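Thank you all for coming; I would like to walk you through one structure this morning, slowly enough that anyone meeting it today can follow along on the screen.

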Amino acid sequence: WGAVFLMLLGAITAAYGDLDGDISGYLQVSCNCISSALYLRAVTYVKKLTGMAELGVLFYTNICCLPFVAGAVIWFDEVSEVQKFKNMSDPGFQIALLGSS
């Protein structure tokens with residue numbers, strides 16, 4: 001629960017600097033905090049249940065999520081939006097993108 005508290009505190013701190021923000025942004029940050037916390041709780045549960053190493057559980061859960069992510073990419077037409085990005089061919093951007101992955 002400590003991680004959940006820290007994530008919530010970070011969201012509140014970020015929101016304090018953006019009091020003129022849109023409610024949808026706050027809802028998105030809240031959903032991110034809740035889903036991240038639930039994901040970490042699920043990883044802990046699966047790790048205890050299976051005896052797998054943490055890296056193995058993280059790899060497994062990410063593989064399980066790929067069909068849902070692919071479906072969202074297709075549903076929201078993200079590929080065409082990425083192709084429109086003007087800095088996609090910039091080597092500096094590509095290095096930053098791969099480094100953050």
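**A walk along the chain**

Let me begin with isoleucine 34, which sits in helix H2, the element covering residues 23-50. Please keep in mind throughout that what we are looking at is a predicted model. Isoleucine 34 has a relative accessible area of 53%, and because exposed means over 50%, this residue counts as exposed. In sequence, isoleucine 34 and valine 4 are 30 residues apart, and yet in space their C-alpha atoms are separated by 8.0 Å.

Let me step back now to the chain as a whole. How many helices and how many strands does the secondary structure of the chain come to? The count is 5 helices and 0 strands, and read from the N terminus the order of the elements is α-α-α-α-α. The radius of gyration is 17 Å, whereas the globule rule gives 13 Å for 101 residues, so the chain is more spread out than a compact globule. Along the principal axes, the C-alpha atoms fill a box of roughly 45 × 35 × 30 Å.

Next comes threonine 61, which is found in helix H3, residues 54-75. Is threonine 61 buried or exposed? Its relative accessible area is 17%, and since the cut-off for buried is under 20%, threonine 61 is buried. If we leave aside the neighbours within four places in sequence, threonine 61 is in contact with Tyr39 and Val43. With tyrosine 39 there is also a polar contact of 2.8 Å, made between the two side chains.

The last stop is aspartate 77, in the loop that lies between H3 and helix H4, the latter being residues 78-84. Most residues other than glycine have a negative phi. Aspartate 77, although it is not a glycine, has a positive phi of about 55 degrees. Its relative accessibility is 44%, and so aspartate 77 counts as partly exposed.

Conventions: Residues numbered from 1 in each chain as written. Predicted model: local features only at pLDDT ≥ 70, side-chain atom pairs only at ≥ 80, totals over all residues. Heavy atoms only, no water. Helix = DSSP H or I, 4+ residues; strand = E, 2+ residues; numbered from the N terminus. Buried < 20%, exposed > 50% of the residue type's maximum accessible area, 1.4 Å probe, protein only. Polar contact = N/O pair within 3.5 Å; in protein donor to acceptor, adjacent residues only side chain to side chain. Contact = heavy atoms within 4.5 Å. Rg over C-alpha atoms; globule rule 2.2 N^0.38 Å.
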